[in-house]
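These are my notebook entries on one structure, written down as I looked things up. I began with a definition and then went from the sheet to the helices, the loops and the ligand.

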Amino acid sequence: MTTTAPTVPLSHGAQMPLLGLGTAPMDDAEAAECVRTAIESGYRLVDTAENYGNERGVGQGVLDSGVPRAEVFVTTKFNKRWHSVDGARQACENSLERLGLEYVDLLLIHWPNPDQDRYVDAWQGLVRLHEDGLVRAIGTSNFKPHHLDRIIEATGVAPDVNQINLNPYATRTSTHAYDDEHGIVTEAWSPIKPAAMLRDPVITQIAEQHGASPAQVVLRWITQRGIVTVPKSASPERQRENLASLELRLSQDELDAISALDRGEDHITDSDRFGH
Ligand SMILES: NC(=O)c1ccc[n+]([C@@H]2O[C@H](COP(=O)([O-])OP(=O)(O)OC[C@H]3O[C@@H](n4cnc5c(N)ncnc54)[C@H](OP(=O)(O)O)[C@@H]3O)[C@@H](O)[C@H]2O)c1
């Protein structure tokens, strides 16, 4: 049976699948192969970035899958050198050329890079790109509430999506709550990392009770709460396993037990200090 992820509505009207394929750190050749197998297994969301250097491979994989382009949701992101109104347009055009596509479904500012203090300009550029129809949805990645406050205040436009590092060891409660309050869909990167998390007894016990894998339990803890996620796997078997997590139903007690594993934010990359 082929599973296809349900979608969540985004504020600018697009529908985004709840679970997709991450593609870092694949090169073009691996991305082309993995994106094709994932789409053949039912995936309809693919996550790439200028920084991964694999947009050509991702575009090739979408083409090779034979699934109509309109049925696949493609996300990409741009680096800090493009943080200006014109720069965002140039970054978008460059990505479209590499992907071989006429539009992207979601374009993200990859990191806020507050040291150069130009993410508000980048956001203004994204708002214009959306108005011009080059992107179906616009968003941010690694933005904290104080970064989001600034771009919303400057433009009156909130992102469709904020993609952040989120998993049971980094539950990101305050950013998730801020996103919810502002109609922003939260998306989780590195959802099943670190690998040691998948051996946590709380997770393995719940997995055993459901006859599921630890990765499936963690992914369902994310998606059952309306958070989008993009686990990366180069293995067609694990790609299918990850997509099939959507068939699980965790109880509220199980969701709460996993949320209680939170270790705070000190151990994750601080987007006020790091970015590219
Ligand atoms: N916005 C950002 O700043 C940012 C940062 C990092 C990542 N991302 C995006 O988020 C995506 C996901 O994050 P990530 O790649 O860092 O981490 P991840 O998806 O949480 O974990 C990937 C690792 O888990 C393994 N894996 C996959 N499925 C598994 C399963 N069912 N059981 C056990 N292991 C499994 C993969 O190995 P195999 O490939 O061998 O299966 C790989 O080693 C990236 O690919 C990228 O698209 C965004």
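This is a predicted model: local features need pLDDT of at least 70, side-chain atom pairs count only at pLDDT 80 or more; totals for chains, interfaces and linings use all residues.

**Entry 1: helix 4**

With that definition in hand, I looked up what the buried residues of helix 4 pack against, and found helix 3 (85-99), strand 6 (104-109), strand 7 (135-141) and helix 5 (145-155). The buried residues in helix 4 are Tyr-119, Ala-122, Trp-123, Gly-125, Leu-126 and Leu-129. They cover an arc of only 155 degrees around the axis, which puts them on the same side of helix 4.

I then checked the length of helix 4, which has 13 residues (119-131): at 1.5 Å a residue it should span 18 Å, and this agrees with its end C-alpha atoms, which are 18 Å apart. Just after helix 4, I noted that Gly-133 takes a positive phi of about 80 degrees.

In what order do the eight strands of the open sheet stand? I read the order as 3-4-5-6-7-8-9-10, with parallel pairing. Strand 3 and strand 10 (228-229) stand at the edges with a single partner strand each, so one side of each is left without a neighbour in the sheet.

I went through some of the pairings one by one. Strand 4 (residues 45-47) and strand 5 run parallel and are joined by three bridges, and I found Val-74 in strand 5 as the bridge partner of Val-46. Strand 6 and strand 7 pair over five bridges, also in the parallel sense, and here Leu-106 stands opposite Ala-137 of strand 7. Strand 7 is joined in turn to strand 8 (residues 161-165) by three bridges, again running parallel, with Gln-163 in strand 8 as the bridge partner of Ser-141.

**Entry 2: burial within the sheet**

I next asked how many residues of strand 5 (residues 73-78) are buried.

I looked for cis peptide bonds and wrote down two. One runs from Ala-24 to Pro-25, with omega near 5 degrees, and Pro-25 has its place in the loop between strand 3 (21-22) and helix 1 (28-40). Another runs from Lys-193 to Pro-194, with omega near 0 degrees, and Pro-194 sits in the loop between strand 9 (185-189) and helix 7 (201-210).

Asn-113, in the loop between strand 6 and helix 4, has phi near 45 degrees, and it counts as buried because it has 23 C-beta neighbours inside 10 Å. Asn-142, in the loop between strand 7 and helix 5, has a positive phi of about 65 degrees, and with 25 C-beta neighbours inside 10 Å it counts as buried.

**Entry 3: Asp-28**

**Entry 4: the ligand**

Last, I looked up what surrounds the ligand: 25 residues do, the closest being Gly-22, Trp-189, Ala-215, Lys-232 and Ser-233. Sorted by class, the shell around the ligand divides into nine nonpolar, eleven polar and five charged residues. Helix 9 (residues 236-244) supplies the largest share of that shell, three residues.

Note on methods. Residues are numbered from 1 along each chain as its sequence is written. A residue is near a molecule or strand if its C-beta atom, placed from the backbone, lies within 6 Å of it. Helices (H or I, at least four residues) and strands (E, at least two) are DSSP runs, numbered from the N terminus. Ala, Val, Leu, Ile, Met, Phe, Trp, Tyr, Cys and Pro count as nonpolar, Asp, Glu, Lys and Arg as charged, and the others, Gly among them, as polar. The expected span of a helix is 1.5 Å times one less than its number of residues. A residue is buried if 20 or more other C-beta atoms lie within 10 Å of its own, exposed if 12 or fewer, and partly exposed in between; C-beta atoms are placed from the backbone. The arc is that of the directions from the helix axis to the C-beta atoms. Two residues are in contact if their C-beta atoms, placed from the backbone, lie within 7 Å. Two strands pair if DSSP finds at least two bridges between them.
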